[in-house]
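Here is a short briefing on the structure shown below.

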Number of protein chains: 2
Amino acid sequence: MPHRAAESSEPVRPLSRGEARRRAFLDAAADAFLEHGFEAASVNEIVRRAGGSLATLYQQFGSKEQLFQAAVEERVSRAIAPMVHAADHNLPIRQGLQAIGEAFLGALVSPGGVAIFRVSIGEARKFPEVMRTFLLTGPDRVRQVVSAYLAARAPQDGCSFASVERAADYFCEMVRGRYQYRALADPSFQLSQDDIRVHVAAAVDFFVRGAGGD
Amino acid sequence: MPHRAAESSEPVRPLSRGEARRRAFLDAAADAFLEHGFEAASVNEIVRRAGGSLATLYQQFGSKEQLFQAAVEERVSRAIAPMVHAADHNLPIRQGLQAIGEAFLGALVSPGGVAIFRVSIGEARKFPEVMRTFLLTGPDRVRQVVSAYLAARAPQDGCSFASVERAADYFCEMVRGRYQYRALADPSFQLSQDDIRVHVAAAVDFFVRGAGGD
DNA sequence: ACTGATCTGTAGTACATATTACACAATGGT
DNA sequence: ACCATTGTGTAATATGTACTACAGATCAGT
């Protein structure tokens with residue numbers, strides 16, 4: 001037994017080399033799965049792109065299913081991070097919602113966001129865990145951010161709601177609007193920063209006036 | 001050449017027998033594709049369920065792709081029909097929106113609706129036509145119905161909008177809310193008729209008050 | 001530089017599945 | 001009742017792909 005390693009059940013730091021390969025595999029796998037879906041993506045193709053060896057991949061992940069799960073979940077949680085920082089409780093209601101809404105809609109219609117959405121939903125029956133992760137770290141997290149912001153800021157701006165959670169829900173769905181559908185249907189569909197601003201501003205206006213603000 | 005058939009290029013009525021087989025194929029195919037997705041569904045399994053013969057299926061549809069397209073598109077357009085009849089321009093705004101909203105949300109979270117949504121989006125990259133059909137006969141159609149209803153009825157109930165189309169968009173998205181996500185994530189998720197009523201009523205309330213009604 | 005472990009490259013296995021070929025049975029108009 | 005057309009059953013082809021086996025290269029710690 002090693003005398004310097006921690007006596008706990010830690011995996012003894014299989015760090016540098018294996019970890020690098022693992023990262024490369026995960027990245028290539030996420031690309032392939034997000035582009036083609038689970039069934040249509042080929043493991044050999046993933047290895048070819050990642051540069052490693054098929055044997056190593058199977059030693060590290062065990063099966064195509066587990067690789068899919070790991071790759072997509074990692075990509076999901078990474079894509080959401082920037083959105084959380086858009087909430088600033090010191091901004092007045094219209095500006096605050098505008099900032100959150102723009103970050104949200106921008107992520108939704110980005111190619112990466114569309115791909116994640118598509119594959120999470122498309123494979124949800126075979127991989128309920130992936131869908132669960134997507135929901136928890138995606139829509140639910142955003143709703144939570146909006147909800148916290150509304151609770152903290154809405155009263156001093158004259159807005160009130162029967163239920164803050166429901167109001168946050170409504171706001172998120174209004175921002176999504178039809179644009180996510182369009183992006184899902186047409187890969188060439190793009191929203192400029194201006195489009196996003198305008199659409200979010202309209203939603204904020206409808207929302208704030210409905211809640212008694214201004 | 002037959003002396004009674006039209007001299008045009010009509011397919012000479014291959015009616016009764018072929019049409020019956022065709023229906024059976026389409027139905028079994030839709031079931032399989034909606035359950036497993038395009039890649040994972042097996043043509044042999046479809047034939048086994050439909051009862052016909054593999055050769056006939058290929059003679060009628062040509063390929064798995066074309067079968068998928070025909071089967072899913074037919075199922076899509078059939079699922080939407082009942083929703084259109086929920087719009088009654090003589091009902092006052094709250095009742096009218098309530099009726100449309102209940103029909104909409106009920107269809108969205110029904111097992112069939114969830115399956116159609118999942119497969120349309122999941123296979124949208126490989127089958128953009130299916131996604132297009134889904135959008136046109138589904139969300140777009142509902143928005144159109146809501147939009148027409150609002151334009152016809154909102155003024156006499158004291159509601160006004162900067163843009164009727166956008167307002168219709170918002171209403172539809174508010175009704176969807178988080179429930180469609182939940183249904184997508186959890187196959188056992190169900191909404192009772194009461195749940196639907198309550199959720200739609202809350203959305204109608206928020207929407208009508210935001211638009212200056214009541 | 002040496003050694004034990006880990007990664008690499010290639011090739012092979014097992015299996016599933018879309019698609020076709022062909023001989024035979026059922027059908028429907030006359 | 002006949003006959004051409006169309007559906008049926010089975011089996012074969014061809015291809016792709018997940019996964020494994022194994023010999024050799026590459027690395028990390030001493």
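The model is predicted. Its largest nonpolar core holds 133 residues. Ala29(A), Phe33(A), Phe171(A), Ala29(B), Phe33(B) and Phe171(B) touch the most other members of that core.

- Ala29(A) is in contact with Ile46(A), Leu67(A) and Ala71(A), once its neighbours within four places in sequence are left aside.
- As a general point, nonpolar side chains tend to be buried together in soluble globular proteins.

**Fold of chain A**
- Chain A has 11 helices and 0 strands.
- From the N terminus on, its elements read α-α-α-α-α-α-α-α-α-α-α.
- The C-alpha trace of chain A spans about 65 × 45 × 30 Å along its principal axes.
- Chain A has 214 residues, of which 40% count as buried.
- Take the contacts in chain A between residues at least 6 apart in sequence: 73% of them join residues at least 24 apart.

**Domains of chain A**
- Chain A is divided into domain 1, residues 16-70, and domain 2, residues 72-210.
- The centres of domain 1 and domain 2 of chain A, taken over C-alpha atoms, are separated by 30 Å.
- The contact between them takes 10 residues from domain 1 of chain A and 13 residues from domain 2 of chain A.
- On the domain 1 side of that contact, α1 and α4 (64-84) of chain A are the elements that give two or more residues.
- α1(A) gives the most to this side, with 5 residues.
- By class, the domain 1 side has 7 nonpolar, 2 polar and 1 charged residues.

**Contact between chains A and B**
- Chain A puts 28 residues into the contact, and chain B puts in 28 residues.
- On the chain A side, the elements that give two or more residues are α6 (111-122), α7 (128-137), α9 (164-176), α10 (179-185) and α11 (193-210).
- α9(A) gives the most to the side of chain A that touches chain B, with 6 residues.
- That side of chain A has 14 nonpolar, 4 polar and 10 charged residues.

**Surface near DNA strand D**
- There are 20 residues around DNA strand D. Val43(A), Lys64(A), Gly18(B), Gly52(B) and Ser53(B) come nearest.
- Which helices supply at least two residues each to this surface? In chain A they are α1 (16-36), α2 (43-50) and α3 (54-61). In chain B they are α1 (16-36) and α3 (54-61).
- α3(B) gives the most to the surface near DNA strand D, with 4 residues.
- By class, this surface has 7 nonpolar, 9 polar and 4 charged residues.

Key. Residues numbered from 1 in each chain as written. Chains lettered and ligands numbered in written order. Predicted model: local features only at pLDDT ≥ 70, side-chain atom pairs only at ≥ 80, totals over all residues. Core = buried A, V, L, I, M, F, W, Y, C linked by C-beta atoms within 7 Å. Buried ≥ 20, exposed ≤ 12 C-beta atoms within 10 Å, placed from the backbone. Contact = placed C-beta atoms within 7 Å. Near = placed C-beta within 6 Å. Nonpolar A, V, L, I, M, F, W, Y, C, P; charged D, E, K, R; others polar. Domains from an automatic or database assignment.
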